[in-house]
Amino acid sequence: MAGHGRGSWLVALCCALCLVVLAGCGGRDPVPDAAAGEVREVLDRRARALLDGNEEAYDRTERPAKGAEDLFGHLRAVPLESWDYRLTGLDRDGARATASAELHYRIKGYDRAPITAERTLSLRRTGGQWYVTDERPAKKTGEQLWDQGRVTAERGARSLVLGVGQSAADLRAHRDLADRAVPAVRDAWPGKWPGRIVVLVPRSLDGMAGLLGAPASGYRGIAAVTTGETGGAGKAPADRIIVNPEAYGVLGDFGKRVVLTHEATHVATRTETSAATPLWLSEGFADWVGYRDTGRTAAQAAPELRRAVQHSRLPAALPDDKDFGFGGDATKLAAAYEGAWLACRMIAEQWGERKLTDFYAAVGAHDGRDGAVEGALRGVLDTTPEDFTARWRTYLRAELG
């Protein structure tokens, strides 16, 4: 099962959007402590050393505590465009201090705006200088991939795959499927998007949960999710597709291809997906792109819903947002995805593919959820919610009965 692209960083789906605000650029100093300037200087040197790949300069900014992660080594393979810390708090106790900071970073060639991560840094003052002894995610925030170990990278023509604890062969396989997913999405979605994706492959399900800042139990059967901010007229930073290596790993090549194409669709449609877009439309459309031109029949791709229809349990209505909750019943979740996919498939067959993409954009452009689907059904498909639901139920009987 592919995950729906709503979270927090997760991104609750969402990398926070933020413009870079560098220390010393004006405005009220959020940390008036006299030591703040010295700490900022250390963080600035640390950031420059990471960007320059200067390990010697980086080492001069820290005195790592026992068990501290080797951030420089973990990041070595990540192509960084920018890396900046903004000090937001400093709690000093003599020669020791704890700093709160916003990290703003961009991956070269992929992020159009900085991604923001809340960080906590421990420092110690020795010989008249402050040194970082440890850096970690702030409490109740998601990890970054490099917090979990040394990152390895595979660069494709249209993708960047970053992994921890993964073999080079596995990362290349992810890269090849990601490179195939992008043109498949471009062929189906006429909207503008960069046509590049970043795929993160942690070591395990627990690693995936750490990146999402959420319990692992909610993602156990989910092969991948996409994080990012909906809407934003193209200004949102590049989304991240996060793979669950345990669920994704048991899929065959076809299933993996569909999953990555589904998630790449969320990246492509992000700026035209909004709070007005119901999950049946965003998830159904992503599945429609994933299955498009594969030759799979409804009966093959919707086994749970087929079983329900054949046992006279035809759904009365399109899936509700709550039906897509990851922590619920797996059978109901599968049926929700299948019903959403078939709703979009029906639009593409009976009204045309361009009408489907126009419908998607029209719903997302609405001011809010109320009236969004109704207005797009009337304005784009010249129908009503009642007629559309009845046609969908008839379509289910015909395809799955």
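Hi everyone, let me begin with a term: helices (H or I, at least four residues) and strands (E, at least two) are DSSP runs, numbered from the N terminus. What we have on the screen is a predicted model, in which local features need pLDDT of at least 70 and side-chain atom pairs count only at pLDDT 80 or more, while totals for chains, interfaces and linings use all residues. Residues are numbered from 1 along each chain as its sequence is written, and side-chain values use heavy atoms, with hydrogens and water left out.

So, how many helices and strands does the chain have? There are 14 helices and eleven strands.

Now for burial. We call a residue buried under 20% relative accessible area, exposed over 50%, and partly exposed in between, with a 1.4 Å probe and protein chains only. Of the 401 residues in the chain, 53% are buried. The areas come from the Shrake-Rupley method with a 1.4 Å probe, and for residues only the protein chains shown count as cover. The chain exposes about 17400 Å², and carbon and sulfur atoms supply 46% of that.

Let's look at a few strands. Ala153 sits in strand E7 and is partly exposed, with a relative accessible area of 27%. From Ala153 to Gln166 is 13 residues in sequence and 9.9 Å in space, C-alpha to C-alpha. Val201 belongs to strand E9, residues 197-201, and counts as buried because its relative accessibility is 1%. Leu171 is 30 residues from Val201 along the chain, and their C-alpha atoms are separated by 8.0 Å.

Next, a pair of strands; two strands pair if DSSP finds at least two bridges between them. Strand E5 (residues 115-126) and strand E6 (residues 129-137) run antiparallel, and eight bridges join them. One detail to find on your screen: Arg119 has Pro137 in E6 as its bridge partner. In the hairpin of E5 and E6 there are two residues between the strands, and Gly127 takes a positive phi near 60°.

While we are on phi, here is some background: most residues other than glycine have a negative phi. Lys140, which is not a glycine, has a positive phi near 65°. Where is Lys140 found? Look in the loop between E6 and E7. Lys140 counts as exposed because its relative accessibility is 90%. Asp293 also is not a glycine and has a positive phi of about 65°. Asp293 is in the loop between helix H8 (279-291) and helix H9 (298-301), and with 66% relative accessibility it counts as exposed.

On to charges. Side chains of opposite charge can pair when their charged atoms come close. Our rule for a salt bridge is a side-chain nitrogen of Lys or Arg within 4 Å of a carboxyl oxygen of Asp or Glu. By this rule there are 23 salt bridges, and I'll show you three of them.

In one of them, Glu55 pairs with Arg76, with 3.4 Å between the closest N and O atoms. Glu55 lies in helix H2 (residues 55-59) and Arg76 in the loop between helix H3 (71-75) and strand E3 (80-93), so the pair ties together parts that are 21 residues apart in sequence. Glu55 is partly exposed, at 32%.

Then Arg240 and Asp111 meet at 2.8 Å, N to O. This pair links distant parts of the chain, 129 residues apart: Arg240 is in strand E11 (residues 240-243) and Asp111 in the loop between strand E4 (96-107) and E5. Are they buried or exposed? Both Arg240 and Asp111 are buried.

Glu304 is partly exposed at 22%, and Arg307 is partly exposed at 40%.

Salt bridges also link up: Arg46, Glu62, Arg119, Glu135 and Asp147 form a network.

Last stop, the surface. For patches, we take residues with over 30% relative accessible area and no salt bridge, joining like charges within 9 Å and nonpolar side chains (Val, Leu, Ile, Met, Phe, Trp, Tyr) within 5 Å. Lys and Arg count as positive, Asp and Glu as negative, and His and the chain ends are not counted. A charge is placed at NZ of Lys, CZ of Arg, CG of Asp or CD of Glu. Which residues gather in a patch of positive charge? They are Arg112, Arg158, Arg186 and Arg196. Arg158 is in the loop between strand E7 (151-155) and strand E8 (159-164), and is partly exposed at 34%.
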